[in-house]
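Biologist: I've just opened this one and want a quick tour. Please take my questions as they come.

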Amino acid sequence: MWPDNETDIDLLGFEFLVDSLVIVLSEPRLLPLTVGVLGDWGSGKSSLMSLACTELKALSATDEAGDDFRSRYVCVQFSPWRYEDYEDVKVSLMSAVLGELATEVPQRKEEIGRLKALGRRLRRQSRRVVSGGIELIPTAVPAIAGFVDPSLDPELVKMAQQTAQIAVTTAGQRTAGDLAGPVDDGETITTVDEFRSRFATLVNSLDEVAAVVVFIDDLDRCLPETVVDTFEAIRLLLGAPRTAFVLAAHQKVVESAVDARYPALRDDNGSGIGAQYLEKMFQQKITVPALAVPEAVTYVNLLLAELHLDRPSFQRVRDHVAAQRAAHTLEVVFTLGTLGELDVDVPTELVADLQWAAAIAPVLASGSRGNPRQIKQFLNTLQLRRRSAARRKVSLDPAVLAKLMLLEQQHFAEFQQLFDWQIDSGGPSCPQLTAAEHLRRSDTAPLPDQDPGPSADAEGGTRATRSRSRVPRQAAAPPVDEAVQQWANRPPVRDWLALSPQLASVDLRPYFTYSRDRLSLAAVSIARLSSSQQRLLGQLLGTIDPVRRAAIGTLATAEPTDRDAVIEALARALLTTPEDAFVAVCETVARIEDSREVLFTALDRLPVAAVPAVHVPTAGARLPIADPRTVALLDKWAASGRAELTGMVALVRRTSSRTGR
């Protein structure tokens with residue numbers, strides 16, 4: 001499995017982005033500087049900054065061996081999210097920068113310590129009125145929750161909703177005086193100016209330091225107050241020479257956080273200042289693009305190779321891929337065939353993994369919108385399920401598992417339908433899936449050569465021309481249920497059915513076991529019904545008496561196969577949602593004699609605790625009183641110990657004795 005952390009090993013082909021970032025950070029004429037590394041959550045922003053940090057340190061080592069006097073890059077990595085609600089973020093950032101300087105330039109440690117003490121005097125506790133929350137005024141909440149399109153990354157939607165909820169919880173804590181900004185904590189402008197001046201003097205005197213580069217991550221995880229505090233800290237330090245700040249962020253989230261912090265500055269159209277604020281803060285922007293499908297396929301293959309190859313072999317693969325990326329931009333540059341070009345000992349497990357990955361990787365790439373984190377999470381889930389199954393001595397074919405997981409993660413409703421059919425079949429095979437795969441093969445099968453029809457002979461007449469390569473007609477396919485046809489003809493399902501391997505001969509039940517946290521059994525009772533049968537069942541389970549009774553009349557005259565299927569589904573519905581099905585079952589028993597064997601059995605299986613007592617009079621009025629099964633049911637309910645159920649049975653029996661039933 002693979003950790004979901006930033007890395008200084010580039011598997012994404014970010015060399016060109018790293019180059020851009022290192023160039024602007026190592027250009028003395030651009031300093032002081034702030035750079036925004038912008039992209040969606042999981043796009044690789046943190047890894048890009050880690051790679052750039054590694055590259056700057058490598059430049060330092062190279063320069064130290066040469067003649068460049070100013071050779072060292074002091075790189076500071078900071079996450080304001082980790083300090084939120086525990087420390088003043090501005091002071092924490094300043095302490096992190098000074099702490100790294102003390103480590104890198106130990107001969108100036110005493111001077112740096114005095115500067116750090118001065119920075120602590122800038123701490124302002126009055127921003128937090130209560131522990132564990134940052135205060136926002138109520139009008140700021142929509143700015144956090146309302147900007148996200150629900151169709152976007154689910155992680156983005158979730159984060160925005162959580163932020164809005166925290167804002168709602170703590171909104172009432174701020175006093176009227178806080179609306180204009182933080183409360184004055186007694187610190188004077190003189191102290192701020194003194195710190196800025198002394199920090200600038202310190203950095204300027206470090207002749208051996210080329211630049212102090214601060215990499216700030218997780219800003220888009222923070223609440224609005226922390227976001228603004230971080231920018232204020234940057235402004236405090238930015239005046240120093242040879243300093244650079246690199247901030248990784250989801251731009252829309254950070255813009256919204258700024259808008260939420262300054263709601264009074266919205267214009268007449270409701271637009272805030274967030275976008276303009278970032279334009280002012282960032283002198284340079286580097287946007288991390290989503291992976292194109294070929295790039296994502298290469299990324300999947302590299303992850304699998306990393307899992308199976310030893311370090312030297314994997315390094316050879318990485319070097320080869322880097323060279324190929326330079327020459328073949330936006331192409332798949334690492335496949336199973338690539339390993340044949342390298343003198344690498346290839347494990348059989350890697351061969352197998354690269355083969356199933358070749359089938360699913362393009363679909364996974366497009367379905368994840370080229371997001372590296374989502375791709376890695378998919379592969380981690382797949383590995384977790386395989387290893388969990390192995391502990392139970394169950395073998396899951398990774399090709400089958402990967403194909404099913406694609407349907408589960410990208411088209412869950414269709415995955416639920418497949419699960420319903422599998423469970424409803426009662427065995428290892430799934431007839432509906434077999435039929436759907438047959439339909440897909442029929443759609444893609446090449447057509448036989450067509451007879452071109454009559455053609456003119458030498459005398460101007462016509463004669464029939466026969467095809468020289470006529471293909472025999474295929475046997476007609478068995479009829480396919482309407483519900484299966486509709487499912488198989490949905491574009492996502494059609495594409496999914498075409499993926500390897502075919503699943504008709506596979507027992508899918510062990511695979512579904514590891515998706516049970518999401519799957520529901522509620523719909524299984526109607527899973528294999530045609531659309532017309534489902535409509536009839538829906539009418540039977542409805543609450544409108546005339547509609548239900550008309551449906552029973554339709555059911556009584558239906559074809560035996562349709563009638564039996566709906567009656568079985570009605571019996572299952574009784575055992576799943578008795579409140580909805582009890583009346584329909586009793587009325588169906590009264591009117592359709594052929595239903596009694598199935599429905600009486602279901603009534604007997606229904607636990608007495610689940611019998612809806614309010615509907616027992618309907619049972620007494622509808623169930624055939626002369627049938628011993630009716631008598632047995634009433635006796636069972638009367639002895640249940642449930643006072644309301646016992647009372648209803650007694651009422652039914654008194655009514656029956658008066659009416660002679």
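Biologist: Let's start with Asp-218. Buried or exposed?
Modeller: Asp-218 is buried, at a relative accessible area of 12%. Buried means under 20%, exposed over 50%, and partly exposed in between, with a 1.4 Å probe and protein chains only. Keep in mind that this is a predicted model: local features need pLDDT of at least 70, side-chain atom pairs count only at pLDDT 80 or more, and totals for chains, interfaces and linings use all residues. Residues are numbered from 1 along each chain as its sequence is written, and side-chain values use heavy atoms, leaving out hydrogens and water.

Biologist: What is phi at Asp-218?
Modeller: Near 65°, a positive value in a residue other than glycine. Most residues other than glycine have a negative phi.

Biologist: Where is Asp-218 in the fold?
Modeller: In the loop between strand S3 and helix H8 (224-238). Helices (H or I, at least four residues) and strands (E, at least two) are DSSP runs, numbered from the N terminus.

Biologist: Which other residue has a positive phi although it is not a glycine?
Modeller: Lys-393, at about 60°. Lys-393 sits in the loop between helix H15 (372-391) and helix H16 (398-410). Lys-393 counts as exposed, with 78% relative accessibility.

Biologist: Back to S3. How many of its residues are buried?
Modeller: 8 of the 8, so S3 is largely enclosed by the rest of the structure.

Biologist: What is the strand order in the sheet?
Modeller: S2-S3-S4-S1-S5, an open sheet of 5 strands with parallel pairing. Strands S2 (72-78) and S5 (284-287) are at the edges with a single partner strand each, so one side of each has no neighbour in the sheet. The twist averages 20° from one strand to the next.

Biologist: How many bridges hold S2 to S3?
Modeller: S2 and S3 (residues 209-216) pair in the parallel sense over 7 bridges. Two strands pair if DSSP finds at least two bridges between them. Gln-77 stands opposite Phe-215 in S3, and Phe-78 is opposite Ile-216.

Biologist: And how many bridges between S3 and S4?
Modeller: 5, again in the parallel sense, with S4 spanning residues 243-249. One of the facing pairs is Val-212 with Thr-243 in S4.

Biologist: Which helix lies across S2 and S3?
Modeller: Helix H3 (residues 89-104), running at about 145° to S2. Axes are lines fitted to C-alpha atoms, for helices over the stretch in contact, and angles run from 0 to 180 degrees between N-to-C directions.

Biologist: What does Arg-108 touch?
Modeller: Leu-202, Ser-205 and Leu-206, leaving aside residues up to four places away in sequence. Contact means heavy atoms within 4.5 Å. Arg-108 and Leu-202 are 94 residues apart along the chain, yet their C-alpha atoms are separated by 9.0 Å.

Biologist: New topic, helix packing. How do H11 and H14 cross?
Modeller: The axes of H11 (residues 293-308) and H14 (residues 348-367) come within 9 Å and cross at roughly 150°. That makes H11 roughly antiparallel to H14. The angle scale runs: under 35 degrees roughly parallel, over 145 roughly antiparallel, 65 to 115 roughly perpendicular, the rest oblique.

Biologist: Which residues make the contact?
Modeller: On the H11 side they include Val-297, Val-300 and Leu-304; on the H14 side, Leu-354, Trp-356 and Ala-361 are among them.

Biologist: Last one. How many helices and strands in the chain?
Modeller: 29 helices and 7 strands. Of the 661 residues, 45% count as buried. Among contacts between residues at least 6 apart in sequence, 76% join residues at least 24 apart.
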